[in-house]
Amino acid sequence: MLMPYLIAQINQMSQEEFVAVLGSVFEETPTIAQQTWLHRPFSDRADLHQKMVSIVEAMSQEDQLALIQAHPDLGSKAKMAEASVQEQAGAGLDRLSPAKYDRFCTLNQAYKDKFGFPFIIAVKNHTQESILATFEHRLANSVDAERAQALIEIAQIAGFRLMATIAESATKEVQGSL
């Protein structure tokens, strides 16, 4: 496993390198990293995250919807980004019993039928049961509330992905020189 980058290394990257390292922080939407690169230097990981989230907040509703729709169904066996595969595996969604798999499929479909986009939750620190409970609770929300919640969850997912990629401080080991 590669060691995290330091923020100083991130700040010194070309736009191409930056997008190669951080383009998958937001699911299938490397343009967010591309645009964020223009806002260097970043004081720390939190500053970088906030600038990336600001790019998302400034996107048109159509582009935000495309970002939401880029996310895979939870518990799906469909092809998905490697980060999503790892995150879902961390919550045990790659090991669903047949009954739970059917429940996830039913809820995924009901959610998409109602809202027009997949259910999104930052699965880190969740269990299969807590995800199912949240799923059922959020099905009662309005489309506007769920769209806003999806963007909040996406920002949390991006934060977790940045934590895995960028060291908090210079005291951590660094990735090989760039």
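These are my notebook entries on a predicted model of one protein chain.

**Ground rules.** I number residues from 1 along the chain as its sequence is written, and I leave hydrogens and water out of side-chain values, which use heavy atoms. Since I am reading a predicted model, I keep in mind that local features need pLDDT of at least 70 and that side-chain atom pairs count only at pLDDT 80 or more, while totals for chains, interfaces and linings use all residues.

**Overall shape.** The C-alpha trace spans about 50 × 35 × 25 Å along its principal axes. For 178 residues a compact globule would have a radius of gyration near 16 Å, and I note that the 17 Å of this chain agrees; the radius is taken over C-alpha atoms, and the globule rule is 2.2 Å times the number of residues to the power 0.38.

**Burial.** Buried residues make up 44% of the 178 residues, with buried meaning under 20% relative accessible area, exposed over 50% and partly exposed in between (1.4 Å probe, protein chains only).

**Glutamate 146.** I found this residue in helix 9 (residues 143-165), and glutamate 146 counts as buried because its relative accessibility is 0%. Apart from neighbours within four places in sequence, glutamate 146 is in contact (heavy atoms within 4.5 Å) with Tyr111, Phe115, Phe117, Arg138 and Asn141.

**Salt bridges.** I counted 10 salt bridges, each being a side-chain nitrogen of Lys or Arg within 4 Å of a carboxyl oxygen of Asp or Glu. One of them joins arginine 161 and glutamate 27 at 2.8 Å, N to O. Arginine 161 lies in helix 9 and glutamate 27 in the loop between helix 2 (15-22) and helix 3, so this pair ties together parts that are 134 residues apart in sequence. Arginine 161 is buried at 7% relative accessible area, and glutamate 27 is buried at 2%. I also saw that Glu27, Glu87 and Arg161 are linked in a network of salt bridges.

**Helices 7 and 8.** Glutamate 136 and arginine 103 meet in a salt bridge of 2.5 Å, N to O. Glutamate 136 lies in helix 8 and arginine 103 in helix 7, so the pair ties together parts that are 33 residues apart in sequence. Glutamate 136 is partly exposed at 39% relative accessibility, and arginine 103 is partly exposed at 33%.

Notes: Helix = DSSP H or I, 4+ residues; strand = E, 2+ residues; numbered from the N terminus.
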